[in-house]
Amino acid sequence: MTSDPTHAEPAAFTAEDYAARMAAAAGAAADAGLAGLLIAPGPDLAHLTGYRPTAETERLTVLVLAAGRDPVLVVPALEAPDAERAPGAAALTLRDWADGKSPYAAAAPLMEPAGRFGVSDNTWALHLLGLQREAPATSYVSLTDSLPMLRAVKDDRELERLAAAGAAADAAYAQILHLPFANRRETDVAADLAALLRAHGHSQVDFTVVGSGPNGANPHHEAGDRVIRPGDMVVLDFGGLRYGYGSDISRTVHVGGPTAEEQRVHDVVREAQQAGFAAVRPGAACQDVDRAARAVITEFGYGDRFIHRTGHGIGVTTHEPPYMVEGEERPLVPGMCFSVEPGIYLPGRFGVRIEDIVTVTADGGRRLNNAPRELAVVE
C-alpha cells in the first residue's frame with residue numbers, strides 16, 4: 001500500500017468515546033420528546049458503538065438507548081462473540097437471544113411500553129413490525145425526521161479521519177492525471193481510480209463515476225463501456241472510506257485541449273464552487289451555501305442546467321445530513337462536514353462538476369480536499 005506521510009494512522013476510538021456518543025444520543029432523543037432510540041446495523045450503530053455486523057441478516061440486532069438507562073445491545077447468540085469484541089462493547093450491556101426464541105421478546109422489555117422511539121433509517125420493516133407486535137402501544141419515527149443531526153458535528157478525531165480520507169482522494173486524483181484516458185473505456189479509468197483509492201489507504205470504495213462526453217451530463221452516470229475519445233470532457237467523482245470515514249471528490253478533466261465554450265463552462269463552475277465555499281461560516285443556513293453557488297451559475301445563464309443540490313454531509317457514510325439545498329434553514333455549526341459540488345450539465349454534450357469536502361470552523365470553512373481545481377488536460 002502506498003504510504004501517506006501527511007497522515008499517520010489515527011488513534012483508535014475508545015470505549016469512553018463511544019459511551020459519550022451514546023449518552024449524547026440518548027439525551028438528544030429525550031430533548032426531542034422521544035422515549036429512546038432503536039439503532040439497527042448500519043452507520044448509526046457503527047458511529048455509536050464501533051460494531052459493524054452485516055446488515056444483510058434476518059436476525060434482529062438492535063441497540064436500545066434511553067436517557068437515564070444503560071445502553072443495551074440485543075444480538076443473536078451466535079454473533080455475541082463478535083459484538084463483545086466491538087470497540088464500544090465495554091460501554092454497554094449485551095443481551096443475546098437464541099434461535100428458536102423470539103428476539104422481540106428479548107428487546108421489548110427494554111422499551112417504554114407506550115413510548116415513541118426514533119429508529120435508524122435502515123431498520124428492516126420485518127424487525128420494526130415484530131417489535132410493534134410485541135409492544136403494540138409503541139410508535140416510531142425515523143432518525144432523519146427526528147434527529148437528522150445525530151452524526152453531523154464531528155469531533156477533532158473524526159475530523160482527522162476525514163482529512164486523511166480527503167488527502168488520499170487528492171493523491172488518487174494526482175496520479176490518475178498521468179494515466180491514459182483516450183481510447184480506453186470509462187470502466188477502465190474507473191478501475192484505475194478504485195485501485196488508487198485502495199493504494200492510498202481506503203478500505204472501501206463506494207463509487208467511481210467516470211462520465212465522458214455526453215455521459216458527463218448525467219450527474220450520477222455509472223461508468224460504462226463508452227470509449228473515451230480525444231476532445232471529451234470527463235467528469236470524475238469518486239470516494240469511499242478510509243479509517244472508517246468518507247472521501248468524496250469531483251474534478252472535470254479534458255482529453256486533449258478544451259474549446260473556448262468548454263473552458264468557459266468550467267470557469268463558471270469553478271467560480272460557483274468558490275462562492276459556495278466562501279459562504280461557509282457558523283450560523284449561516286445550509287441553504288446559503290446552495291444559494292451562493294447557484295447565484296453564480298444563474299448569473300452566467302446556466303441556472304436551469306444546475307440540476308442537483310450543492311452538497312451533502314459526510315462522515316461514516318459518504319452521504320448523510322446535513323444537505324446544502326434550498327429550504328434547509330438549519331444553521332451551520334463548527335465540526336459539520338459536507339460537500340460543495342456545483343455543476344453544469346448540457347444534455348447530449350458534456351458536463352462539469354467540481355467538488356470538495358468542507359468542514360465548518362470557528363470563523364469560516366476549511367477544505368479537506370486540496371487537489372487543483374483548474375481544468376486539467378489529460379491524454
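**Rings and charges in a predicted model**

The count of aromatic pairs here comes to 3. Keep in mind that this is a predicted model. Ring pairs join Phe 13, Tyr 18 and Tyr 245 into a cluster. Phe 13 also has a charged neighbour: Arg 21 lies over the face of its ring, 4.3 Å from the ring centre.

Now the salt bridges. Side chains of opposite charge can pair when their charged atoms come close. How many salt bridges does a search of the whole structure find? It finds 23.

Take Asp 44 and Arg 151, which form a salt bridge with the closest N and O atoms 2.4 Å apart. Asp 44 is in helix α2 and Arg 151 is in the loop between α6 and α7, so the pair ties together parts that are 107 residues apart in sequence. Asp 44 counts as buried, at 9% relative accessibility. Arg 151 counts as buried too, at 11%.

Next, Arg 251 and Asp 356 meet in a salt bridge, 2.8 Å from N to O. This pair links distant parts of the chain, with Arg 251 in strand β10 and Asp 356 in strand β16, 105 residues apart. Are these two residues buried or exposed? Arg 251 is buried, with a relative accessible area of 1%, and Asp 356 is buried at 0% relative accessibility.

Asp 356 also forms a salt bridge with Arg 367, where the closest N and O atoms are 2.6 Å apart. Arg 367 is in strand β17, 11 residues from Asp 356. Arg 367 counts as buried, at 13% relative accessibility. The charged end of Arg 367 sits over the ring of Phe 277 as well, 4.2 Å from its centre.

Notes. Residues are numbered from 1 along each chain as its sequence is written. This is a predicted model: local features need pLDDT of at least 70, side-chain atom pairs count only at pLDDT 80 or more; totals for chains, interfaces and linings use all residues. Side-chain values use heavy atoms; hydrogens and water are left out. Rings of Phe, Tyr and Trp (its six-membered ring) pair if their centres lie within 6.5 Å; planes under 30 degrees apart count as stacked, over 60 as edge-to-face and the rest as tilted. A charge sits over a ring if NZ of Lys or CZ of Arg is within 6 Å of the ring centre and within 35 degrees of the ring normal. A salt bridge is a side-chain nitrogen of Lys or Arg within 4 Å of a carboxyl oxygen of Asp or Glu. Helices (H or I, at least four residues) and strands (E, at least two) are DSSP runs, numbered from the N terminus. Buried means under 20% relative accessible area, exposed over 50%, partly exposed in between (1.4 Å probe, protein chains only).
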